[in-house]
Amino acid sequence: MFLISDKNKLAQGVYSIWVEAPKIAQHAKAGQFVIVIAQEDGERVPLTIVDKKGDKIRLIFQVVGKSTQKMAAFEDGDSFAHVVGPLGTPSEIDYYGTVLLVGGGIGVAPVFPILKALKEKGNRVISIIGARTSDLVILEEEFSQYSDKVLITTDDGSKGIKGLVTDGMRKVVSEGEKIDKAWAIGPVIMMKYATLTAQELGFPIIVSLNPIMVDGTGMCGGCRVTVGNNVKFACVDGPEFEGELVEWDELLKRLGQYKIEEKTAIQDQPKKQPKKILKNKVPIKKQPPEVRKHNFQEVAYGYCLEEAMMEAERCLQCPDSAYNCIKGCPVGIDIRGFIREIKEGNLAKSAEILKSYNNLPAICGRVCPQENQCEGACTLGKSGIFEPVAIGRLERFVADWERVQRKTEEKKEVIKINEFRGKVAVVGAGPAGLTVAADLAKIGYYVKIFEALHKPGGVLTYGIPEFRLPKQIVFEEVEYVKSLGVEIETDVVVGKTITIDELRENFDAIFIGTGAGTPKFLNISGENLNGVYSSSEFLTRVNLMKAYQFPLVDTPVKKGKNVVVVGGGNVAMDASRSALRLGAESVTVVYRRTEEEMPARKEEYENAVEEGINFMWLTNPIECKGDETGNLISIICQKMKLGEPDSSGRRRPVPVENSEIEIPADLFIVAIGQESNKVLLNAFPELKLNKWGYIEADPITGATSIEGIYAGGDIVTGAATVIEAMGAGKRSAKAIDEYISSKVGKI
């Protein structure tokens with residue numbers, strides 16, 4: 001929790017607060033920002049760090065929507081749920097000569113730390129403070145303390161010069177000042193015209209684009225903006241950019257896309273939170289498609305005891321020589337053993353066997369592609385007559401039974417250790433990080449996980465929808481890991497909030513499991529229109545921020561009428577089925593190959609078909625078309641045909657000439673994969689990367705190019721499965737133990 005103190009009202013709807021955030025205060029620099037989540041499940045709000053003092057940082061915000069309205073109700077002694085940072089690239093502070101700082105409205109606040117830093121470098125600083133009226137002028141005293149000259153402009157002339165900040169800029173130059181460099185921060189429309197004025201007057205200008213951010217860590221791609229004909233992410237590449245390179249008109253259109261939703265949320269009368277529906281165990285079945293496509297409850301029900309025992313009877317209990325299913329399991333579960341105990345009705349022993357190999361079985365039983373792993377290798381299934389044993393469903397049954405027992409008995413499996421074997425830092429609380437942490441804790445290590453988001457779980461939390469993986473199950477599995485003695489600290493962006501050098505100084509080894517968090521886009525015309533999402537942003541809003549409950553929660557998401565999703569993997573299935581549940585009349589998945597080449601799980605594809613999702617094979621988007629207001633209206637696609645196999649062995653799609661078709665769409669979700677997240681990698685340049693930009697690590701041990709640093713999961717392999725990431729975590733846990741033991745002489 002982040003304690004609030006010294007709250008002050010600076011102007012109508014504008015507040016200043018100091019927040020206790022020691023790690024952020026230690027590393028913050030001018031131009032950086034934090035993400036504030038006022039309450040659990042609240043919206044992620046980007047705020048510039050205005051000042052710092054000891055362990056505290058100063059934030060200034062304006063009430064503009066539902067989330068900031070809630071923040072304004074906080075008083076001294078209250079706490080924010082989450083504050084993440086410092087984020088973004090710091091301002092380029094140097095000696096330039098005479099600099100001009102322009103702040104409009106609430107933008108005056110983020111200008112202030114830049115002012116202080118530039119003055120410390122010896123620059124002559126001229127500041128312009130702009131506001132609509134004199135009552136809305138903020139920080140005048142602070143600016144006067146550090147500026148060589150301060151000019152105030154108000155729209156109505158009630159204070160200073162009557163006019164806009166651009167009028168102030170012209171006045172400064174007309175008085176003979178030669179400006180070497182300028183900064184402008186404020187409403188986007190103000191920054192646009194400040195840029196045009198700077199070009200007219202002949203000096204370079206820097207602008208800050210933090211108002212367009214969503215998650216702030218480079219994960220979702222929601223803050224993308226065109227700068228110098230290239231798509232940039234404001235939270236990673238910025239937030240500051242050269243003003244003359246920004247595509248202002250495109251940005252202005254994107255910023256207006258949630259105005260209707262925010263207005264409706266503020267005006268709506270408070271509604272009661274719907275009751276959580278509890279389900280009893282029933283024979284394995286699914287919600288009917290016509291019912292489930294209108295809710296986010298779990299689609300598949302689990303086995304009851306009788307059904308589980310009947311399914312366990314199908315296991316042949318193969319001898320060791322034919323024991324194939326374990327070979328197909330990335331974490332090497334004793335599948336024969338845990339199923340044998342189900343047959344005998346000994347669920348406690350079955351759970352004990354399962355948990356000795358897999359720390360997250362309730363999750364794996366739901367989302368692992370068993371058909372390509374353990375079940376794909378099942379001897380019974382290879383007969384050609386019988387289907388394989390439903391290993392995944394049995395794993396889910398036992399794990400769910402064990403979770404219920406854990407709650408009922410109200411005891412934690414805490415391992416008491418008088419002396420730790422060593423200290424290990426884990427970066428990222430996803431499947432790989434949770435697994436390596438749990439395995440090391442079980443053998444006596446002190447392990448601390450640092451997670452950038454405000455909830456642990458990684459892709460399990462932000463990427464997989466509630467109807468496939470209920471978040472309560474994720475959080476209970478996380479609680480099990482914590483019960484082993486693992487500490488998890490959220491809201492910590494390694495490389496920003498805390499440095500790699502600090503981790504290396506305080507821990508014997510480090511495991512990096514940050515996942516592949518930067519979305520890929522198609523790089524086609526119109527991709528920055530309102531209504532175009534990366535799958536990362538769309539699913540993060542829906543899953544992590546629970547936007548499907550908006551306005552009962554603070555974070556909105558577009559609910560398209562006609563939705564198009566591009567991609568053929570599980571993420572495309574998740575995005576399309578989520579869009580349907582949000583109320584879409586039609587959802588179409590376009591994929592440039594055929595159904596046969598589609599990498600999505602067969603079960604998830606079949607669920608999507610049952611629910612009414614449309615599929616267009618051999619189809620590839622080539623343009624997004626919008627209206628005059630910047631809103632998406634259709635997708636132009638081109639038909640494809642399969643050509644010769646490429647280096648991966650898959651037949652490469654080839655465009656068919658003169659085959660363009662137009663699909664009506666007001667929502668377009670790009671689900672074509674992800675790249676490595678650059679926040680940590682940029683802060684750790686010594687780490688060797690492979691040609692795809694992922695961390696180069698030993699496939700068996702996870703050892704990287706730097707001694708004592710290990711990595712696993714998607715940050716090494718690129719996007720893969722949950723169980724494969726867990727397998728990497730298990731292997732690295734063993735290697736880390738051997739590494740630390742060899743250093744201290746322990747066996």
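Author: Ile128 stands opposite Leu151 in E11. The model is predicted, so local features need pLDDT of at least 70 and side-chain atom pairs count only at pLDDT 80 or more, while totals for chains, interfaces and linings use all residues. Residues are numbered from 1 along each chain as its sequence is written, and side-chain values use heavy atoms, leaving out hydrogens and water.

Strand E10 (residues 124-131) pairs with strand E11 (residues 149-154) in the parallel sense, over six bridges. Pairing requires that DSSP finds at least two bridges between two strands. Strands (E, at least two residues) and helices (H or I, at least four) are DSSP runs, numbered from the N terminus. Both strands belong to an open sheet of seven, ordered E12-E11-E10-E9-E13-E14-E17, with mixed pairing. Its edges are strand E12 (161-162) and strand E17 (240-242), each pairing on one side only.

Helix H6 (residues 188-201) lies across strands E9 (98-104), E13 (181-185) and E14 (205-208), and runs at about 175° to E14. Angles run from 0 to 180 degrees between N-to-C directions, with axes fitted to C-alpha atoms, for helices over the stretch in contact; contact means heavy atoms within 4.5 Å.

As for helix packing, H21 (residues 570-581) and H22 (residues 602-610) pack at about 25°, their axes 10 Å apart. H21 is therefore roughly parallel to H22 (angles under 35 degrees count as roughly parallel, over 145 as roughly antiparallel, 65 to 115 as roughly perpendicular and the rest as oblique). Asn570, Met573 and Arg577 of H21 make the contact with Glu604, Tyr605, Asn607 and Ala608 of H22.
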